[in-house]
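Open the model in your viewer and follow the stops below. Each one says what to select and what is there.

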Number of protein chains: 2
Amino acid sequence: MRIAIDAMGGDHAPEATVQGAVLAAKEWSDTEIILVGDETKIKAFLTEQPPNMKIVHATEMIEPDDEPVKAVRRKKDSSMVVAGRLVKQREADAFISAGNTGALMTTALLIVGRMKGIERPALAPMIPTVDGAGVLALDLGANMDATPEQLVQYAIMGSIYRNIVHGVAKPRIGLLNVGTEAMKGNELTKAAYPLLEQAHIHFIGNVESRDILQAKCDVIVCDGFAGNIMLKSIEGAASTIFSALKTEFTKSWLTKIAALIVKPGLSQFKNKMDYAEHGAAPLLGVDGLVMKSHGSSNAVAVKNAVRQARIAVQNDLVRSISAEISNGSEM
Amino acid sequence: MRIAIDAMGGDHAPEATVQGAVLAAKEWSDTEIILVGDETKIKAFLTEQPPNMKIVHATEMIEPDDEPVKAVRRKKDSSMVVAGRLVKQREADAFISAGNTGALMTTALLIVGRMKGIERPALAPMIPTVDGAGVLALDLGANMDATPEQLVQYAIMGSIYRNIVHGVAKPRIGLLNVGTEAMKGNELTKAAYPLLEQAHIHFIGNVESRDILQAKCDVIVCDGFAGNIMLKSIEGAASTIFSALKTEFTKSWLTKIAALIVKPGLSQFKNKMDYAEHGAAPLLGVDGLVMKSHGSSNAVAVKNAVRQARIAVQNDLVRSISAEISNGSEM
């Protein structure tokens, strides 16, 4: 198995990506790790090169602020585009990047290509939940608008991913909505509901955004706009509350003592709810495995992304999705 | 001034509504308070009847689970419908209900009637913010889908409400979106953006849902679906975090002591962020003043809703909106 890593993508690249790649190569000797990027810069952080690691040189890199489509079209020798090309040409089974999300989605679409039968690939991160299991949410940003049929494709892809990569036997699929009754929602969700009922998935109906963190489902399906609003609302509320807590805890020496007492438990909870800790997000519906790891990924996060990619490749995720989608379209 | 109160609506009705009505009547002797509902039940909680209070008997009531349109059509003598009729016939200047939200919106539309030039009235609650000022959000549930033109009407109505009722000199209007750049978003927000730029409002551009609690704007405009997702995501995150805090604080005698130390400050923060504390939500775009107070309203909340209604009536809110809307449509 060969997994390419965009060495230049992410806030801590190439240091974190190189170190993470070394950790991964050492852990899984059956996997070839391909570091794609500026060879000189990579080697500066490469104290040792495991035998199952190789470097593919790329002269350019896509910056976080680059306009995605323009960047992918023009920077043909960027680490991200070169890594995408390795997947396209079947020289790598997967590629992972912590770089510019928009550019990664564009690379997936323009370089790797869409899976046959899929209208729109979707970005599917895990939203952390109280019980630690998490909810796979898609689409979270690849496409702002969606059709009812696209939501059904998201549901099928998410279901297969949770089953194959996370071992969930019969993933519960929920439709993000404003109420639990079948007829609730906007035009999109009302049209998608009966289609989801007919699909080959375990559809459990509408799920409200206030119940997401309680893990009422394993996969939540939504258009990219609603998904983004949900995720960023949760993030904003959490960061507001945690900063209020901090203010409260630093008010006096007495509250500082109180803080010391509850800090270990609170930190544990905070980490559990930190979505950066929940691994890389697959781009589902692409004709190859592309994974987005968090921009702030450290070496361990990079290694964990490789772990996820390995499971997906070993279990033939892409082919499984493709089979189910073409199966559905023949109905 | 005459303000009608749906005595039968809300979790604590009629006790809380009657008591709140008495408080209001005593506080504002220039205002006639009209309690609408079952006279016997109202009188059971009426220990004293101020001279500026009267009761209008209504034999029926709309239940929380009633299907809105059906209930409003069939229960013609329900407290909510009768109160709506008082406004329609100009026998009351405003009416307040803590009852079934859907039924209240239906009453506003079918009984009181839409304002001329308004396509869709909008429900506009305040979302509490860290600084205590709050953000008026609309639409939050009256209409799931919206057109770009409707979003502009929401913006105009919200701007006038903030100005007239809250005294905000030049309300900052934000468009709920997934990024701050002008071209971000879905088809709806992309089409609405240039229209909002041209409207007679202080449009400050896109605002992300993660920044709402930081009070980046005074009014946030969105379709009812996105607004609901935002609000319920914030609520869900807050309730999840506060219940985790509770678990943490009750782990041992030591953490219980820590809890005692920070409790006053945390309760203060929690109350500040409790949207039930932020008064009633107007239904803007109706040809008369209709206000929704929170289902769990106690007597003080009912009185506070009357306070808001008084300010709106005194400052001619409905006519101001109507003038601006017809002004805009002549452009």
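Start where the chains meet: the contact takes 44 residues from chain A and 44 residues from chain B. Keep in mind that this is a predicted model.

**Stop 1: the buried area.** Select both sides of the contact. About 3900 Å² is buried between chain A and chain B, and carbon and sulfur atoms give 73% of that area. Now pick A:R210, A:F225 and A:K232. Together they supply 16% of the area that chain A buries against chain B, more than any other three residues.

**Stop 2: salt bridges and polar contacts.** There are 4 salt bridges between chain A and chain B. Zoom in on B:K232 and A:E208, which form a salt bridge with their closest N and O atoms 2.5 Å apart. Between chain A and chain B, 14 residue pairs are in polar contact, both residues being at pLDDT 80 or more.

**Stop 3: the elements.** Colour β8 (172-177), α7 (187-198), α8 (224-249) and α9 (253-272) of chain A. Each supplies at least two residues of the side that touches chain B. Which element gives the most to that side? The answer is α8(A), with 19 residues. By type, the residues of this side of chain A divide into 24 nonpolar, 12 polar and 8 charged.

**Stop 4: the axis.** Superpose the chains. Chain A can be laid on chain B by a turn of 180° and a shift of 0.0 Å along the axis, with an RMSD of 0.1 Å. The two copies are thus related as by a two-fold rotation axis. The same surface serves both copies: 100% of the contact residues of chain A recur in chain B.

Finish on A:A258. Of the residues of chain A, A:A258 comes closest to the rotation axis, its C-alpha lying at 2.1 Å.

Technical notes: Residues are numbered from 1 along each chain as its sequence is written. Chains are lettered from A and ligands numbered from 1 in the order in which they are written. This is a predicted model: local features need pLDDT of at least 70, side-chain atom pairs count only at pLDDT 80 or more; totals for chains, interfaces and linings use all residues. Side-chain values use heavy atoms; hydrogens and water are left out. Copies are superposed by least squares on the C-alpha atoms of residues with pLDDT of at least 70 in both. Contact means heavy atoms within 4.5 Å. Buried area is the accessible area (1.4 Å probe) that two parts lose on being put together, summed over both. A salt bridge is a side-chain nitrogen of Lys or Arg within 4 Å of a carboxyl oxygen of Asp or Glu. A polar contact is a pair of N or O atoms within 3.5 Å; within protein, one must be able to donate a hydrogen and the other to accept it, and residues adjacent in sequence count only if both atoms are side-chain atoms. Helices (H or I, at least four residues) and strands (E, at least two) are DSSP runs, numbered from the N terminus. Ala, Val, Leu, Ile, Met, Phe, Trp, Tyr, Cys and Pro count as nonpolar, Asp, Glu, Lys and Arg as charged, and the others, Gly among them, as polar.
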